[in-house]
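Here's a quick briefing for anyone meeting this structure for the first time. Take a look at it, then read on.

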Amino acid sequence: MGEFKVHRVRFFDYMPTAIRAMAFNAHTEKLALARMDGSVEIYNFADHYFQEKVIPGKDSRSIEALCWVGGRLFSAGLNGEITEYDLENLRPKYSLEAYGGPIWTISSYSQGAHLAIACEDGTVKLFEVLEESIQFERSLDRQKGRIISLSWHPSGTQIAAGMMDMICVFDVPTGHAVQRLLVDRGIGGSKSRETVVWSVVFLSDHTIISGDSAGKVQVWDRHTGTLVKTHLVTKWDVLALSVSKDESSVVAGTSEGTVIQFQFIAPTLQQQDKEWVRTRTFKNHTHDVRALAEIETAIVSGGMDTQLVVRPLLEKFDERSHASGLRKIHFPHRNLVSCAKKAGLLLFQFPGQLELWRLGESDGHGKPGDSLPLKRKPEKLLHLKRKGEDQICCSALSSCGGWLAYSTVSSVRLYRLQTDNNDISITKVPKLPKVLRSAHQLCFSSDSFKLFAASSQSSVLVIALSQSECKYVHTLKPKSGSRQPIHLMTNSVDGKWLATANSDCEIHVYNVQKLKLHCIVPVYGSCPSAMGINPTTNNLTMVHADQQIFEYSIVEKQYTDWSRKLQKQGLHNLWLDRDTPVTHVTFNPKNPEQILLHDMHMFCIIDQSLPLPDQKTQFYNQMTLRSLSEQERPCHLHAFKICKTFQDLLSVSLLDDQSLVMVERPLLAITSQLPAPVRQKKFAT
């Protein structure tokens, strides 16, 4: 594999926030997920659950619920506003005050263009979805208590609303409350407390299913107004419900971290009449399950423990496959770490601030696996807080360590850094070009004389940097006319080439010296998750969300022979079965045939001079190679060298001094910072 000195970095205190809401769009197979900090993430379930887009949050924006109307995304929160999102520019499109106090949930009628919101003042308000905005239509009968949850009947003529101690059914055409279903309070001491109906589901046969704070999942007959069945599933709260598309299954999320499935089946073989029966319990969370979505083949859940869990329903699969495995998404599918390879500096991106660290130094030598003594400890040089309410969406550090830039949805800020031994000075560049309003991605040229900023409609702004001024040079525009945002951007060491990738799976290569489009890489059906340009050959290496690897010759405008050979033979199944995407690609300048890449669980060096592994080859062979003699080893070598010594990886970089920087964030460290879960009775305690 090669011998490297490794900086094992564990001082990036990355802490994701809790998942608050989610909404699945069955037509596009995309999941929208909202976190407690107001940020929204879009996952493409049709493309290996890849995190396509992230819309940064805002201090004053809270999100309680999300919903899709066609391809448009809406949210509502306790600030009393409805927000529609611009999914092309990754920002809120507009916000509309509902004038009903805090909004507890928002729900869309699946067959029409209407939204219903549940308000603190006891009203259910209806909004019509127009072409470019939404418009208030009317309010349904006001109730005495706050409305907590909503569900449309599939016909669109009725709405069930969960309240305190009650479920209210509204007739939409008249706006009147036509029925009230009283919900029992809990048993024992909890009888004195109001029962909060956290979630309701209204089925096409006029069955209403509710989940409440007394730990009950209840089934109601809307026609007769009677309680059909009560399932006491927890001593704590049932926080979320979700129903399958065919209405044969309902899942409930609880405060204990369990997800419970109910199915509409005959309870025994002798009976023909169907009823709602509790069938399965899943325990994949440690804390509250706040958000649920039951999709065609899986149950998707999230909550206070910050992880997104995709639990496949095994009866939906004919045989065991990659798609039938449990999947947990812990980290974002993008880089939060920038490395100054020449200066040995690291920039950590948080939603509210940036941290600049200098790596430690060691002059010791040892055997592979030894921990070397430090002669200088890692040092935090800078803590830079953002300005305004908008969270940081991207940041960059130049390779020389002399420039730092970050962007929010409303502004870009650029700073000049000067380090002198233990002293650091930072100077804000006062006047930026007016065209540089915000950026989806930022990166500096290798000589630090240019800044590239990914702007709207997949365009790139080229900014010239000097000690005295910052000057706009040119806008690089794709010919495809794509309106999707750029999520990856990389440039060559010689300063000639710049490559960008957008959510339409398009990869454009620009000639920076001539300031024009050089070529478009043939479009592949899966989104690129990482890419880099080889400093020696100027070949572009791309890794996609489905784990496929391509190498493209920028000069010759075609795939390389190695890439064609790889695609013809096919990648090893163990490589394709990995469940986290590669998020970074870099190269070893001293060995042009080595490609370095990583995902969350492994670090890999691909040596293009070695044979590719076939399906019969032992893929993870590093331990085997160590046990063999020098004469036997060449027979077992192959191109993919996998290292799993480092876990929970956020970033891997190779410095100019040939030392590796491994930025780890142990999941145990994240779990230890979470609030305590609800107390659970354990055996023998």
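Helices (H or I, at least four residues) and strands (E, at least two) are DSSP runs, numbered from the N terminus, and two strands pair if DSSP finds at least two bridges between them. What you're looking at is a predicted model, where local features need pLDDT of at least 70, side-chain atom pairs count only at pLDDT 80 or more, and totals for chains, interfaces and linings use all residues. Residues are numbered from 1 along each chain as its sequence is written, and side-chain values use heavy atoms, leaving out hydrogens and water.

**The E42–E43 hairpin**
- The hairpin of E42 and E43 has 5 residues between its strands, and Gly495 there takes a positive phi near 80 degrees.
- Strand E42 (residues 486-491) pairs antiparallel with strand E43 (residues 497-502) through 5 bridges.
- Met489 has Thr500 in E43 as its bridge partner.
- E42 is mostly covered, with 6 of its 6 residues buried (under 20% relative accessible area, 1.4 Å probe, protein chains only).

**A four-strand sheet**
- Here 4 strands form an open, antiparallel sheet in the order E26-E27-E28-E29.
- Strands E26 (289-294) and E29 (327-329) are the edges, each pairing on one side only.
- Inside the sheet, 4 bridges join E27 (residues 298-303) to E28 (residues 308-312), and Ile299 sits opposite Arg311 in E28.

**Nonpolar cores**
- A nonpolar core is a set of buried Ala, Val, Leu, Ile, Met, Phe, Trp, Tyr and Cys residues joined through side-chain atoms within 4.5 Å.
- The largest one has 21 residues, and Trp575 and Phe640 are among those touching the most other members.
- Helix H1 (561-569) is one of the elements giving two or more residues to this core.
- A second, separate core has 19 residues, including Phe350 and Trp357.

Definitions and conventions
Buried means under 20% relative accessible area, exposed over 50%, partly exposed in between (1.4 Å probe, protein chains only).
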